[in-house]
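Dear colleague,

I am passing on a structure for you to look through, and below it you will find notes on what came out of it. Please open it beside this message and follow the notes as you read.

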Amino acid sequence: MVSIGCGISEPGSTRNNKTGSWRTFKPVLDKEKCVDCDNCILFCPDGCIGKEHEIDYDYCKGCGICKVECPVKAIEMIREE
Amino acid sequence: MDFSQEELLAPGHRGCAGCGASIGVRLALKALGRNTVAISATGCLEVMTTPYPETAWEIPWVHVAFENAAAVASGVERALKAQGKEDVNIVAFGGDGGTTDIGMQALSGAMERGHNLTYVCYDNEAYMNTGIQRSSSTPFGASTTTSPAGKQSFGEDRPKKNMAFIMAAHGVPYVATASIAYPEDFMKKVKKAAETDGPAYIHLNQPCTTGWGFKPENTIQLGRLAVESGAWGLFEIENGEFKVTYRPQNRKPVKEYLSAQKRFRHLTDVEIDQIQEFVDAQCEELGI
Amino acid sequence: MTKQVMTSNKAVTEAVKLAKPQVVPVYPITPQTTISEYLAQYVADGDLDAEYIRVESEHSTISATLGASEAGVRVFTATSSQGLMLMHEILFAAAGMRAPIVMADANRAISAPLNIWNDQQDSIAQRDAGWIHLYVENAQEAHDTIIQAYKIAENKDVLLPVMVCLDGFILTHTVEPVELLEAEAVDEFLPAYEPTHAFLDPAKPMSLGTLADPEYYTEARYAMQVAMDNSKSVIKEVGAEFGEKFGRKYDLVEPYKCDDAEIILVAMGSMCSTIRVVVDELREQGEKVGLLKIRAYRPFPYEEINEIVKNADKLAVLDKNVTFGIGGALFTDICAKCDNDTYGFILGLGGRDIIPDYIKECVELTKSGEKKVNWIGLKEDE
């Protein structure tokens, strides 16, 4: 059965839904080039780029905003196998 | 830039790849922090973040209907006050349809009554959740599914409703426009709004990859073009005092902004000139 | 115990004061208006410690009420007629989100043509929203039922909103003696509201009012049906407990001289008082008639009704509402659930008085059995 009124008591539970499977192109960061501007973190619609600019591929939908917004072109989009 | 690393909108939500609304909410919540209750109008944001039994929200959140987010927020605000939780930030998110059209009355009432809350309109300039129908926030010339371009039509034939000024006319102590492409400016405004004693309104320009017709990777680029061309101005009205918060150095021709989107692709130079004239006049009025 | 003379609207607000809701959004509408005024005055005088929201419409009234309830506090509101119609969409949301809201509805006709006087079309039109509907007969019942409504709505096996329906003007603006409940006793009877299913607390975040797809929606609606079924015994228990504590017992239905009745009149609200007088009069003339007052319209107490009407030859159902194309709403419900030979009567619309002669006419027409659905007091074309 469902919870009373379909209220959800588990915050952030969309994490159960791995949207990484939506991806066609995968962003790959060249850490050597990264200048820590954090643009990729701020602009990621899915909040799946961490403090050290590590990309969580479980959720990354491959939109490519991080690539476009990277001022030093440290992110490349590579077609998924 | 200094900002919170805490993600209060979890990944795994069903927003489109390149969704601008989720960027807007993420940034707003970074500014507000955990001690916040959010209210959503029905719309993209609501359906993509709470598909039962999952929620993307890390903070308390409630949705009731399309047209009443501001009224629901009014009740939430007073209930928290009655519980002695006046330190909790209250933020309502409504799309342009839920704000400038069907939610206008509830919003006007909440603003006039002076509830201590922040209302953020995430404006993607059409009813995106139902498939790109025209709203009163759709700009002149845009082709939508209910204001389509055709042999005898260039699309939307009315200018966008000026919500920020309508809210300012309510005597709301803090009103601002913002863009997801200018996160520092936006987050600063959200903080100011939350610190305002009384109601605050932020009208957030939010490019929509699906509705505007551009590649998902260009969401921020489009937001930037809107501001750099003067099609969208960034300002705030604090206790009645108007201030431009960002001035493009050399304003780009609006054609550059329009031609980057499928919804304007049908426009001829006649309409583009008309839009340029309108943008010029708007920038002059705003002092941009 | 103090007895005072007051209108039902006043009696409602005196009960609200005792129930201590923390948020009260209200929008004035005839004939509910004095409820909104009394409550405002109580708050202004410090007699009711509540946040009173001067909302800009009934749509926002119920929206703010629901928002406050979801935030975890006890709430109250009141409306009537067009206002209730404007709330329609959110009434479903309130029930679906399982918010234990208590709302008074000053029953009034629906436009067009515009009419500010009493019938019960407004609340009847909301019967499928998932609210519990309790109809009251007089000011004392209005007072007592508000307190019981909270205890029913907040019961963990129920968690549904309750609408307390009182006839416009006939009750809302007519003064009667009312025995006011004592605050301490009410506190004992009605403990503070402590929600576990819905609240908005940053220390324990919940998401409320979510999207349920075909995988979950049916179960959510079924849970409401179960809650509505549960509410039957809860309404009875609360009514009995109220009786023990305060001396006035309440139930789902209230039979009057039904035991040996050949014809039983079935009705809701203030007209039951008039019917009772007619029943006595006809009984004196040797006619075996009785009255079955329906207090709970939703949940519909058909088992209890059948137990009472099982030996009656005929039922006469009096409705202050119309379901066009079939008859009155209570009539159609009774027909659906009872096997008795049943006749429907539509009367008292838009404030037309229900005089004893009309009720006698209902009895006569039931005896004759000519027409299943009858309009009473209708002025024929000259």
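**Two helices in chain C**

H3(C) and H4(C) are roughly parallel to each other, because the angle at which their axes cross is roughly 25° and angles under 35 degrees count as roughly parallel. Please keep in mind throughout that this is a predicted model. Helix H3 covers residues 58-70 of chain C and helix H4 covers residues 81-96 of that chain, and their axes come within 7 Å. The crossing of H3(C) and H4(C) is right-handed. On the H3(C) side the residues that meet H4(C) include C:Ile62 and C:Leu66, while on the H4(C) side those that meet H3(C) include C:Leu86, C:Met87 and C:Ile90. By class, this contact of H3(C) with H4(C) is made of eight nonpolar, four polar and one charged residues.

**A sheet that takes in chains B and C**

Within chain B, strand S7 (residues 174-179) and strand S8 (residues 200-205) pair in the parallel sense over six bridges, and B:Tyr174 has B:Ala200 in S8(B) as its bridge partner. S2(B) and S9(C) also pair in the parallel sense, over two bridges, with B:Val62 standing opposite C:Leu208 in S9(C).

**Where the chains touch**

Between chains B and C, 37 residues of chain B are in contact with 37 residues of chain C. The largest share of the chain B side, eleven residues, comes from H3(B), and by class that side has 20 nonpolar, eleven polar and six charged residues. For chains A and C, nine residues of chain A are in contact with 16 residues of chain C, and the chain A side has six nonpolar, three polar and no charged residues.

**One residue to look at**

Is C:Asp119 buried or exposed? C:Asp119 counts as buried, because it has 27 C-beta neighbours inside 10 Å and the cut-off for buried is 20 or more. C:Asp119 is found in the loop between strand S5 (102-107) and helix H5 (121-124) of chain C, where the residues it touches include C:Asn107, C:Lys320 and C:Gly348.

With best wishes

Definitions and conventions:
Residues numbered from 1 in each chain as written. Chains lettered and ligands numbered in written order. Predicted model: local features only at pLDDT ≥ 70, side-chain atom pairs only at ≥ 80, totals over all residues. Axes fitted to C-alpha atoms, helices over the stretch in contact; angles between N-to-C directions. Helix = DSSP H or I, 4+ residues; strand = E, 2+ residues; numbered from the N terminus. Parallel < 35°, antiparallel > 145°, perpendicular 65-115°, else oblique. Left-handed = near helix turned anticlockwise from the far one by under 90°. Contact = placed C-beta atoms within 7 Å. Nonpolar A, V, L, I, M, F, W, Y, C, P; charged D, E, K, R; others polar. Pairing = 2+ DSSP bridges. Buried ≥ 20, exposed ≤ 12 C-beta atoms within 10 Å, placed from the backbone. Lists of a residue's contacts leave out its neighbours within four places in sequence.
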